[in-house]
Amino acid sequence: MPHKVGIVATGQTKHTAKRTDINLRELITEAVTRALDDAGLRMSDIDAVMLGNMEPFEGFMLPELWSVEGWGGLGKPAMKFNTGGTVGTSTAIAAYYFVASGIYDTILAVGFEKQSEGHTQTAITTVGDPLWERTMMAGAIGNFAVMASTYVHESGVTEEHAAKIAVKSRRNACNNEYAHLQMPNLTVEEVLASPYLAYPVRRLDFCPQSDGACAMVLATESKAKKLAPQPAWIKAVATAHEQQYMGDSPRRLADMRSQRAASQRVYKACGISDPVRDLDVAEIYEVATYAELAMYENLGFCAPGQSGKLIDQGVTTMSGQLPVNPSGGVLATNCIGATAMIRVAEAALQIMGKAGKRQVPGANLALATGYGGNAWTDALILGRE
Amino acid sequence: MDGEVTLPAPGQVAILGAVQTRYEAGKPHQTYNELVHEVVDQLLTETGVALKEIQSIVSASQDFFDGRTISGMAINEVAGGYLNSESKVAGDGIQALIYGAARILAGAYDLTLVVAHCKESEGQFHQITSTMFDPYVERPLGLDEHIAAALQARRFLGVSGAAEADLAAVSRKNHRHAMKNPLARRSGDFSIEEILASAEIVSPLRDLLAGPITDGACAILLGSPERARASRRPVSWIAGMGSSTDAYWTGRDLAASAALAQAAERAFAAAGIRKPLDDLRVVELSARYAHEELLYLDALGLGNGAAAKARLATGDFDLGGKLPVNPSGGALTGNPTCVAGLARVAEIHLQLTAAAGQHQVKDARTGLAHGASGICGQSQTVVVLRGDAPQRT
Amino acid sequence: MSEKTKNPAAGKKAEGLRVPWLLSVEYEYAAGHFATRFFQELRDNGRIWGVRCPGCQRVYIPPRPVCGICAGKTGEWVEVGDEGVIVGCTVVNVPFIDPMTGEQRPIPYGFAIIRLDGASTALYHFLEETDPKKLGVGKRVKAVFRPERKGTLLDIKHFRLLD
């Protein structure tokens with residue numbers, strides 16, 4: 001049986017387009033220091049460190065080794081993950097397994113990215129297979145727009161539905177002191193007036209590029225109970241991957257096979273049959289408005305074709321039955337290597353009752369997801385017990 | 001609390017099988033995905049496990065060498081990753097192995113496939129390895145992995161009193177060992193003079209003192225004790241694992257490896273090894289450069305008081321000696337980045353299961369596999385393996 | 001505190017200096033067994049082939065060694081049509097560097113994911129049409145081959161709308 005694992009502390013930087021005041025190492029230090037302070041720990045209390053970063057974005061191979069003093073890694077076992085958009089959840093899940101296995105008692109997990117320091121669209125375009133995909137893809141945007149067009153065609157969601165998601169995200173972000181894009185007065189009309197980056201995706205339908213880092217401390221049951229009045233217990237984790245090429249699952253957004261598989265696995269492990277009823281909050285990895293709508297279907301929040309209705313009825317807003325992305329989500333902040341870990345950290349803050357102005361009252365069960373690459377999905381359920 | 005980690009007791013994670021490609025200067029007819037297919041397919045055939053049974057995969061690769069962002073993504077189908085739990089370590093494959101072992105120890109999976117792959121021939125070694133260096137004060141100087149290794153070699157020679165001929169003796173031993181390993185990239189009965197006359201890369205490094213550009217892949221299947229008991233072939237067991245991280249290369253003494261000493265201490269403690277020189281029967285080190293082998297042997301305490309170079313001279317580290325080091329030929333004879341450390345584990349597994357063929361070490365019951373990554377081996381990992389026989393008593 | 005131990009940045013305005021660096025790496029990717037056969041046929045005969053999974057009968061383009069869904073090896077090669085249907089499409093307006101050439105790709109350009117007749121999976125390619133109003137999911141397209149072919153996916157110049 002795996003040991004019980006709890007998240008006891010989190011730390012984030014203030015995410016912005018360009019942190020010109022500090023370098024990558026200092027960015028990491030900011031998040032790590034906040035997480036350690038949050039737990040009342042020193043680096044000498046940490047057994048091992050798990051790191052997540054997408055190094056092609058900085059043009060820096062093994063930047064965590066250059067940054068080692070930034071995360072207090074001297075003499076520590078450490079490992080670095082690189083799985084695209086999911087890297088933050090992949091790192092958190094690895095930390096979970098290492099504690100659950102009994103190998104380590106207390107682990108620091110860190111995700112970081114300074115997107116402003118490299119060439120983002122080139123780094124994303126080279127995700128494509130050089131023989132089959134790379135010449136056509138225009139970074140994440142072109143590739144994503146192709147996926148979105150299929151989803152719009154099949155689901156009947158409108159540009160207005162997408163715009164409502166854009167508004168929800170950037171307004172929620174105003175309650176999150178770490179969020180990058182905070183737009184308190186954003187309206188649906190403004191979103192619809194923003195230019196097409198690649199039809200049907202408009203500028204405000206898409207996530208920003210951010211600099212930022214996120215750190216968490218995970219501990220085994222006995223330690224977690226001492227370190228936090230209410231740890232966020234990791235109740236289930238799952239990863240599901242797709243086939244090899246971008247066109248293998250042609251209905252990628254409309255039917256994200258990997259997301260359905262991963263979410264169903266964690267729901268089953270936690271006895272969740274109706275996620276909208278059973279979950280209290282969700283922090284999901286949505287790079288664009290249309291992705292969030294499609295994910296409502298794939299995560300079982302609504303029946304196929306009903307995602308537009310869900311946002312029309314406000315089910316996923318802060319006052320709805322299942323608030324989705326109180327933090328503002330990826331549409332408000334995307335610092336690749338940190339992004340998925342921020343989903344887990346934000347879900348943990350909700351469970352620990354430490355989410356401040358974005359707190360969902362009495363949050364008892366939370367879902368966090370990561371999504372990246374050619375449809376790679378991670379899912380975690382956190383809970384108070 | 002620092003360093004006080006609970007490592008697995010013997011017998012909890014088994015290696016059910018290990019397969020490597022031939023290591024070659026280039027593999028122009030295969031993509032890296034096809035290399036992985038080759039090793040996984042052979043591994044599953046040998047172990048009698050179906051691809052459908054694999055639900056957990058950890059790979060190790062390096063995006064810059066692969067020329068592809070999230071390069072591990074492209075091996076999902078051939079490694080059984082569809083709708084399954086696949087993750088990727090950006091580092092040496094031996095770290096992927098440790099993560100795979102954690103998944104089994106956590107009770108989450110009874111099988112985990114560990115894969116490492118790299119085609120160094122497809123990119124440009126200088127440009128790619130230059131991206132590891134400090135962007136502010138080092139990259140303008142045009143540094144790369146060879147140049148840093150040369151600086152380390154010079155420092156090691158000065159501090160240890162070893163001569164360039166001692167480095168050549170390491171190379172001679174390993175290339176002779178490689179003659180008995182059909183997978184080896186480079187082998188031969190080179191004389192000390194020939195080695196010291198080989199083309200200079202960066203002084204004091206020469207062609208035969210540095211591992212060549214190589215393509216290859218390695219796959220290992222980890223299993224729970226239940227899976228091990230059901231295995232129709234001999235298995236080996238992970239007896240201890242340890243890792244540590246050093247300071248960035250310009251912030252430490254390059255003539256030593258504190259991180260390796262720490263990693264070994266942790267792995268030895270878990271494996272109950274008190275006198276490594278007596279308890280270990282075979283060692284495989286990730287030493288791409290000849291000086292690294294001596295430096296690492298000293299850090300591991302395998303010189304037993306004497307400097308490793310003295311033991312080298314007496315033949316202790318030869319195949320047939322007291323403690324054979326790199327009977328496969330090791331990374332100096334050609335193993336690519338990311339693959340080298342996992343290949344060391346594969347080689348120790350072959351030794352402990354009496355499957356190493358011509359380079360078999362007699363009565364190998366306990367062995368050490370080592371992996372490193374980063375500039376001048378900043379990140380260090382040690383895995384101690386035991387053969388099946390002791391567990392059945 | 002002596003002069004030598006004072007913080008040299010004290011009193012200076014925060015500047016946030018940036019250090020530029022241009023990384024240029026050339027790669028030469030092996031096409032591998034499956035893609036080589038595909039591109040040879042495309043180059044020499046202007047024909048498009050996939051591989052069939054003997055388990056689920058899916059015809060895969062790009063061809064590959066393993067069907068992930070069945071977790072089994074693929075089997076025979078099957079020719080597919082040069083016409084197909086748009087599964088997803090867009091017109092890209094954002095400038096970006098084509099990493100295959102290092103040059104900026106001219107915008108706008110049409111880009112689609114196309115399922116060729118007889119194939120189970122879809123392929124990325126360019127569209128001749130760049131007006132999003134004329135494009136649409138479900139519309140039929142046909143490959144336009146280049147007269148001089150080199151053995152890459154760009155031996156197909158683009159796909160043109162059929163109706």
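## Contacts between chains and domains

In this predicted model, the contact between chain C and chain A takes 38 residues from chain C and 35 residues from chain A. On the chain C side, β6 (83-92), β7 (97-98), β9 (109-116) and β10 (123-127) of chain C each supply at least two residues, and β6(C) gives the most, with six residues. By class, the side of chain C that touches chain A divides into 27 nonpolar, seven polar and four charged residues.

Within chain A, the domain assignment gives domain 1 (5-120 + 210-232) and domain 2 (135-204 + 235-383), and the C-alpha centres of these two domains of chain A lie 23 Å apart. Their contact takes 39 residues from domain 1 of chain A and 34 residues from domain 2 of chain A. The elements that give two or more residues to the domain 1 side are β1 (5-12), α3 (87-100), β4 (106-114) and β7 (211-220) of chain A; among these, α3(A) gives the most, with eight residues.

The table sets out the residue classes of the two sides described above.

In soluble globular proteins, nonpolar side chains tend to be buried together. The largest nonpolar core here has 328 residues, of which A:Val110, A:Met216, B:Ile220 and B:Leu342 touch the most other members. Helix α14 (residues 336-352) of chain A gives the most to this core, with twelve residues. Because domain 1 and domain 2 of chain A both give residues to this core, it lies between them. When neighbours within four places in sequence are left aside, B:Ile220 is in contact with B:Ile15, B:Ala18, B:Leu97, B:Val114, B:Leu342, B:Val345 and B:Ala346.

## Helix α9 of chain B

Helix α9 (residues 258-271) of chain B has 14 residues and reaches 20 Å from its first C-alpha to its last, close to the 20 Å expected at 1.5 Å a residue. Ten of the 14 residues of α9(B) are buried, so this helix is largely enclosed by the rest of the structure. The buried residues include B:Leu260, B:Gln262, B:Arg266 and B:Phe268, and the buried residues of α9(B) pack against β8 (236-245), α10 (276-279), α11 (290-299) and β11 (379-387) of chain B. Just after α9(B), B:Gly272 takes a positive phi of about 70°.

Methods:
Residues numbered from 1 in each chain as written. Chains lettered and ligands numbered in written order. Predicted model: local features only at pLDDT ≥ 70, side-chain atom pairs only at ≥ 80, totals over all residues. Contact = placed C-beta atoms within 7 Å. Helix = DSSP H or I, 4+ residues; strand = E, 2+ residues; numbered from the N terminus. Nonpolar A, V, L, I, M, F, W, Y, C, P; charged D, E, K, R; others polar. Domains from an automatic or database assignment. Core = buried A, V, L, I, M, F, W, Y, C linked by C-beta atoms within 7 Å. Buried ≥ 20, exposed ≤ 12 C-beta atoms within 10 Å, placed from the backbone. Expected span 1.5 Å × (residues − 1).
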